[in-house]
Amino acid sequence: MSALLEARGVSKAFAGVRAVDDASLTVESGSITALIGPNGAGKSTLFNCISGFVRPDHGHIELAGRRIDRRPPHRIVRAGLGRTFQTARALTRMTVLDNVRLAAPEHPGEQLWGIVARRAAVRRREQEVTEQAHELLRLVRLDAHAGALSGTLSGGQRKLLDLARILMAAPRLILLDEPMAGVAPALREELLAHVLELRAGRGLSFLVVEHDLGFVMQASDRVVVMNEGRVLMGGTPDEVRNDDRVIDAYLGTHA
Amino acid sequence: MSDPALVVRDLHAGYDEVPVLRGVSLHGGADEIVAVIGPNGAGKSTFLKAVAGIVRPTSGSVAFGGDDVTGARPDRLTRRGLGFVPQLDNVFPTLTVAENLDVGAQALARRDRHDAVAAVVEQFPLLRERRRQRAGTLSGGQRKLVALARALVGRPSLLLLDEPSAGLSPRATDMVFDELEGVRERGIGIVMVEQNARRALSLADRGYVLDMGRNAHAGTGADLLVDPRVIELYLGSMTAAPPPPGGTSR
C-alpha cells in the first residue's frame, strides 16, 4: 500500500486557541483510517484543513502526491477527495432523489455540446445515475422518501442522505465526520457493511471521525488518536484500545 | 411513581402539509428517566418539539404539572419548569460560556440567578475552565454540555433532551449519562430521545419505541432491551452482542 493522503505538521489556531498543533497523519490507499479523540481535540478542524474549508497556518498536505493545502475546497474535490459534515448539508428545496443524482460524477448533459451531440449517451448516463441513486437510497432506507423534498427529512435522515450523496460521488478518498451519530443502531450495521464492501470492491479509502467504538474497532485498519490538537498516537485498533494514554484521555472505562 | 408530571395524549403534529406525528401518547414522572427511541424519521425530535411548544400540535393534548399546556409558547413552558435541549443549535455561539448560562437563568427571579449559575458550574468542571470562551469556539461535544448545563440553570422540574450523547466521545458520554442519573436523583424528570439505545434503555426507568409517527412498543428499559420485536425493528443484532471487555454497557 502507498500513502494516498499525507498531512505533515499541520497547525491551525483560532484567536490564540491552538485547535490543531503540529499534527501529522497518513491514509494508505485502500484503507479505512479512524480519527478519534476527546471532544475538542481538533479532529473536525484537521478535517477542515484537509478538505480546504480552513487554511492551515503551517503544514503540508498531499493527496496522491499532489499538494492540496493551498487549494480551495472545490479544487480539492476535483483532485479526488470528498467529505460529509457533522451536521448534514442537503439542498432542502430539491427532492431526495435529485440530491443524490446531482452528486454523481460525469454528467455529459451538463454541457450544451453533450445535449446536442451525444443525446443517447446523455440519456444512458442519466438512467444509470438514477438507478444507482435508487439503490443508495434503499441502502440508507430513504427509498420511500425519494420524491419528497429533502427539507422534510429528520436530522438523522439528512445525515443518511449526505452519506448516500458522498457514496454516489465515490471520490478516491472519503472523509466522514461522525457518520454514525444520530443513526439508528440496526442501520449502523448495514452502513458499516457497505463501507467495507466499497473498500474491498472499488478500492476506495476512508478517513472517519467517529465516536461509535463498534464502528472504529470493526471497520478501521488504523486508528489515529488526537488530544489537545496533537496526534497522541496511531496504531491498529487493538494497540489503541490497550494504550493507557488513550484509555485515560478518551475511552474511560470502555477500553 | 408519583403523579406523572407530563402527560401527552394522542399527539398529532407536522410541518406544512407533512404529518409527522400521527398519535403519540406518553407520560413522564418527576423522578424517572424516560427514553424515546425508534428508527430515523420515526418522529422522535418532532415529538419533543411539539411538547416543548416549538412545533404546534394539530390535535391531542399535553398536560404539565396538572395543567393543560397544549400549544403553549416555549418561554412560558420554560418558566413553568419544562426545559428543552435541542439536538443542534443549542448554544449562543457569540456569547461566552458564562453568558450562555446567564441566559438560562433569565427564567428565574433576579435574586436567585447568581446562585443557580454557581450551583451548575460546580457540577461541570469544564464550564469553570472555559467560562470566558465563546461558545462558538467549543467543540460539538462541549456545546452539548453547555446546553445541558444552561437548561439545568433554569431549575426545571422536567427536562426534554434530544440526543444528549450524539457527537460525544465515550468518556464524555459516560459523563453525561452519569450527570443524567444525578439529575434524576435530585427529583428532576427526564424525557430523552437517544440513538445510543442500549445505553439509554439501561439507564431509563421506562422506554417508548416510536415508528412512523406512532407508539409502537412501550415498557421498562430492561424489557425493551430484550424484546425481539424491538431488536428486529430498531436495535439490530450488534447491540445484542456482549459489551467490550472490561467495559460496562455501551
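Visitor: At what angle do helix H5 and helix H6 of chain A pack, and how far apart are their axes?
Guide: Helices (H or I, at least four residues) and strands (E, at least two) are DSSP runs, numbered from the N terminus. Axes are lines fitted to C-alpha atoms, for helices over the stretch in contact, and angles run from 0 to 180 degrees between N-to-C directions. In this predicted model, H5(A), residues 119-139, packs on H6(A), residues 155-169, at about 140 degrees, with the axes 10 Å apart. That angle makes H5(A) oblique to H6(A); angles under 35 degrees count as roughly parallel, over 145 as roughly antiparallel, 65 to 115 as roughly perpendicular and the rest as oblique.

Visitor: Is the crossing of H5(A) and H6(A) left-handed or right-handed?
Guide: A crossing is left-handed if the near helix is turned anticlockwise from the far one by less than a right angle, and right-handed if clockwise. H5(A) passes H6(A) in a right-handed crossing.

Visitor: Which residues meet there?
Guide: Two residues are in contact if their C-beta atoms, placed from the backbone, lie within 7 Å. From H5(A) come A:Gln132, A:Ala133, A:Leu136 and A:Leu137, and they meet A:Ala164, A:Leu167 and A:Met168 of H6(A). This contact has six nonpolar residues, one polar and no charged. Ala, Val, Leu, Ile, Met, Phe, Trp, Tyr, Cys and Pro count as nonpolar, Asp, Glu, Lys and Arg as charged, and the others, Gly among them, as polar.

Visitor: How many residues does each chain give to the contact between chains A and B?
Guide: Chain A gives 33 residues and chain B gives 35. On the side of chain A, the elements with two or more residues are H6, helix H7 (185-202), helix H8 (213-219) and helix H10 (244-251). That side divides into 16 nonpolar, 15 polar and two charged residues.

Visitor: How are the numbers and letters assigned, and what are the confidence limits?
Guide: Residues are numbered from 1 along each chain as its sequence is written, while chains are lettered from A and ligands numbered from 1 in the order in which they are written. As the model is predicted, local features need pLDDT of at least 70 and side-chain atom pairs count only at pLDDT 80 or more, whereas totals for chains, interfaces and linings use all residues.

Visitor: What is the make-up of chain A, and how many of its residues are buried?
Guide: Chain A has 10 helices and 10 strands. Its radius of gyration is 19 Å, close to the 18 Å of the globule rule for 255 residues, so chain A is as compact as a globular protein of that length. The radius is taken over C-alpha atoms, and the rule is 2.2 Å times the number of residues to the power 0.38. Of the 255 residues, 45% count as buried. A residue is buried if 20 or more other C-beta atoms lie within 10 Å of its own, exposed if 12 or fewer, and partly exposed in between.

Visitor: What are the corresponding values for chain B?
Guide: Chain B also comes to 10 helices and 10 strands, and 49% of its 250 residues count as buried. Its C-alpha trace spans about 50 × 50 × 35 Å along the principal axes.

Visitor: Where does B:Asp10 lie, and what is its phi?
Guide: B:Asp10 is in strand E1 (residues 6-15) of chain B. Its phi is near 45 degrees, a positive value in a residue other than glycine. B:Asp10 is partly exposed, with 15 other C-beta atoms within 10 Å.
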